[in-house]
Amino acid sequence: MAKKRHHWIVRVTHWVNVVAIIIMVGSGLQIFNAYPAFARKGELFCCYPFEHKPVPAWLTFGGWLAGARNWHFAMMWVLVVNGLVYLAFIYLHGEWRDLVPRKGDIRDSWQMVKFYTFRRKDHPHQGKNNALQKTAYFLLPIAGIFAVATGVAIWKPVQLSWLTALFGGYVWARYWHFIAMVVIVVLSVVHVFMVFAVDPYSLPSMITGNYDEKLSPEARNARPFYHLFPRRARATPPPEAT
Amino acid sequence: MTEPRKFLTIGGIDRREFLAVGGGALSAALLAACDSSGPKSAEKLLRYAERKNLGVERALFRHTAIDKVQAGAHDAGNKLPSYFVSPTVPVWDESARGKWALEVSGLVGKPMRLTLDDLQRLPRVSNRVNHYCVEGWTAVETWTGVPFTELAKLVGASPDAHYVDFQSFDDDYHESWDIESAMHPQTVVAYGLDGKMLEPAHGAPARVYSPVKLGYKNTKYLTKIVFLPKMNGGYWSDRGYEWYGGV
């Protein structure tokens, strides 16, 4: 039956992360809208096609620039501490082994893509996560670390100028900070979509910690929106009363 | 024998569903309690975080950290935005207010009034540096003026002066600074921009300029520099922006 799937530290840091990321992205976009461009004054910027076009206000958080900055500079500590707790935990407790890339991951990812696009009939065999999940959950902390590092670089471009220089100077560091956000948002949106479309049973498992392997996507042979419900057990005659 | 049902049921739904539904309801309640700038009760927490950040930022601050303009960066020139809080460009009206002079006072040995000519006779530097705006843009400009350290030496600033207030004739605009940022080697009381005398659009006759502070901390249209034992807020600092505003 139900097996322990997520340690409580993983569950707590997961949901703290949800709040922290939503607020960091929303307040970050509000800050971005104060000057929705990357070019230094008097220059042009090569690599952003939407210079001077603000993002929709409904994506922003914090009300105005100062409010958003206050949120951003407060929540950044929550994000960093939470991230460190999570990384320290998976390192010490061994969960990193579920996420670290291994030989064959690319092949396995390709098999998952083939399965999702109906070019393969049966769900590839997997461990705790499928190969695509593994890749996403491995990339997310890296994107997070990158977001924090580029964020510090544009917070302290004079006092920590060596860090800002590492990312190509202030203008580029600000751009990479934006790109890190885009990567995190894309990974998160796909993650949430797949939870609902493929494995809604994993949602309670991130709350209670318990997961019934009989309901796993592999057991259900589930693609997005296919076989959402468990296969009905074959009718077996009731055990005879003794 | 039937399988024992392990889950507590609440109103016909089991614990898992309850938690899933409850989680959704909780998030909805949280969102409802927020306006666009977040829950009101969070304000105290945000102010607490700002005070903690102030400590971190001041601990991180070094006079040896010097702003450098990246190779190949272009000067902003006339692309530098003009900015003030008065309804029109503040211009010092000599006929009404007499000759402009900068008052340097507070915790100093020799309070002074320095005319523009006086300032120009003091040691002069030109710094080609970045301008970091709170909005996120940067601009390269060359500021010419008196190093703040020279001014502090001239008036005999007291060691008890831990803060400096830069006041202006742009309405009630002012911003107070920590003394270490003011004493940074790139902080100048500037009367020149890009090789020309400062124009009213950018803070004439004189303004403070330092790449270690965000634009809004660099008061334009200076009237007074006051050395203080305590911080004295500022125009934007009192309206929600970080008091420190350092980069």
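This is a predicted model: local features need pLDDT of at least 70, side-chain atom pairs count only at pLDDT 80 or more; totals for chains, interfaces and linings use all residues.
Helix α7 of chain A, which runs over residues 170-197, has 28 residues and should therefore span 40 Å at 1.5 Å a residue, and the 40 Å that separates its end C-alpha atoms agrees with this expectation.

**Helix α7 of chain A**
- The buried residues of α7(A) are A:Tyr170, A:Val171, A:Trp172, A:Ala173, A:Arg174 and A:Tyr175, together with A:His177, A:Ala180 and A:Met181.
- Within chain A, the cover over these buried residues of α7(A) includes α1 (8-34), α5 (131-155) and α6 (161-166).
- Chain B also takes part in covering the buried residues of α7(A), with β5 (125-132) and β6 (138-147) among the elements involved.

**Contact between the chains**
- On the chain B side, 42 residues are in contact with chain A, and their partners in chain A number 33 residues.
- The elements of chain B that give two or more residues to this side are α1 (15-32), α2 (42-60), β5 and β6.
- The largest share of the side of chain B that touches chain A comes from α2(B), which gives six residues.
- Sorted by class, the side of chain B that touches chain A holds 20 nonpolar residues, 12 polar residues and 10 charged residues.

**Chain B as a whole**
- The secondary structure of chain B consists of six helices and 12 strands.
- Chain B has 247 residues, of which 36% count as buried.
- Among the contacts in chain B with a separation of 6 or more, 70% are accounted for by residues 24 or more positions apart.

How values were computed. Residues are numbered from 1 along each chain as its sequence is written. Chains are lettered from A and ligands numbered from 1 in the order in which they are written. Helices (H or I, at least four residues) and strands (E, at least two) are DSSP runs, numbered from the N terminus. The expected span of a helix is 1.5 Å times one less than its number of residues. A residue is buried if 20 or more other C-beta atoms lie within 10 Å of its own, exposed if 12 or fewer, and partly exposed in between; C-beta atoms are placed from the backbone. Two residues are in contact if their C-beta atoms, placed from the backbone, lie within 7 Å. Ala, Val, Leu, Ile, Met, Phe, Trp, Tyr, Cys and Pro count as nonpolar, Asp, Glu, Lys and Arg as charged, and the others, Gly among them, as polar.
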